[in-house]
Amino acid sequence: MARITKPLTATEIDNAQKAEKQYKLYDGNGLSIVIFPNGKKKWRYEYTFDKKRNSLSLGGYPEIKLKTAREKTGEYNDKKNNGIDPKSKNIELKTLNIKELIQEYLETRIDWSEVTRVDMIQRIEKNIYPFIGDIQIDKITKKDIIDTLLIMEKRGATENGKKVFSLLNMTFKYASTLQKIERNILADIDRNLLFTKKKKTNFAHTTDPKILKEILLAIDDYQGELNSKVGLQLLPFLFVRPYPLRHMEWKEIDLDKKIWSIPKDKMKTDIDFIVPLSDYVVNILKKHSSESHYVLNSLISRTRPLSENTFNFGLKRMGFNITAHGFRHTASTILHENIHIHKIPSEVIEIQLGHKVGNSVHRTYNKAQYIEERTRLMNWWSDYLIDLKNS
């Protein structure tokens, strides 16, 4: 006698907790929901057709409700019972356009950090969706793709173009593998012929103490919006990437313990990250304390962070040819050059920069590794910058 599966309830799905390994909850009729280690929940339809096991993704939960997932499962079962493979392109291509295909592919990339995901979404929303987003995937041509990429190349967005091409290539390869399209039409496109080769350069920065002093003093006198000024004041002292600083939340900061705990989804690493805070930085944060969600909220809304180009715009406005990211290069260079003074090893500096150090086993260090040395490092760096300003 076949086993009867008890149907799921929305409460059971809501209460399902993440575990070290992904697992499934079954609803019956081939429908299940997969709970991934990162807490995401995805619907999956599994079936047998021509004596072969197959599966289809029905989207994420709670975006796709239980009722909707069951209705879709019913449609697939009806088609299967009528001798039609639910995965066949004749079904999928009628409703799937480029935008929907990309969004479906992004749902599979649970290995991406939130920083990478947000960055990629912003690129495709600007450069892909307005031009070819509504084209059905069985109607898209190689020329459509090339013309869209050339628009980016003509306006000088070569690096963006390369990243968008890579995403499209991965998306079409995904669609080809699942037989949503006949073949990956990007496989025949030579990316190097589309985009101008440019010499790789580091983010604009300075390691000249005289110029660095000018920058620090100019930031203190900056007449721009308050949150922009505070962010610029923190940037050289913390030397983190601009993204986590713009998205810094008050709940991440412990002013008593003098630490900022950055969750891994804001980092380019797969672990949470700790930034020790010097007394100087703590005083800035105490003076700036507010009821906002973000420490540096947008001028437009208290519930949104500063915009992406805020720091670079402020530095340019003050007349400096440097970038916000450049402060990381500045700190790295000066800290390494002064190891003979502060006595803190290069490995500790690299870890505080958020870089991966050593082999894959070594890189499984916890977020508090070398915390004493890193605290001394951040205090030394803070004192160095303050002495430089006062010199």
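Predicted model: local features only at pLDDT ≥ 70, side-chain atom pairs only at ≥ 80, totals over all residues.
Where is Asn 97 placed? I found Asn 97 in the loop between helix H3 (89–92) and helix H4 (98–108).

**Asn 97**

I checked burial next. Asn 97 has a relative accessible area of 14%, and the cut-off for buried is under 20%, so Asn 97 counts as buried. Then I went through its polar contacts. The side chain of Asn 97 gets to the backbone nitrogen of Glu 100 at 2.8 Å. A polar atom of that side chain also sits 3.2 Å from the backbone nitrogen of Lys 99. I then skipped the neighbours within four places in sequence and listed what Asn 97 is in contact with: Gly 133, Asp 134, Ile 135, Gln 136 and Ile 137.

**The sheet**

I looked up an open sheet of 3 strands, and its order reads E5-E6-E7 with antiparallel pairing. Strand E5 (253–254) and strand E7 (273–276) are the edge strands, each pairing on one side only. Between E5 and strand E6 (residues 259–262) I noted 2 bridges, with the two strands running antiparallel. I also looked up the bridge partner of Asp 254, and in E6 that is Ile 259.

**Val 281**

Which helix holds Val 281? I traced Val 281 to helix H13 (residues 279–288). Its relative accessibility is 2%, so I put Val 281 down as buried. Leaving out neighbours within four places in sequence, I have Val 281 in contact with Leu 234, Phe 237 and Leu 238.

Conventions:
Residues numbered from 1 in each chain as written. Heavy atoms only, no water. Pairing = 2+ DSSP bridges. Helix = DSSP H or I, 4+ residues; strand = E, 2+ residues; numbered from the N terminus. Buried < 20%, exposed > 50% of the residue type's maximum accessible area, 1.4 Å probe, protein only. Polar contact = N/O pair within 3.5 Å; in protein donor to acceptor, adjacent residues only side chain to side chain. Contact = heavy atoms within 4.5 Å.
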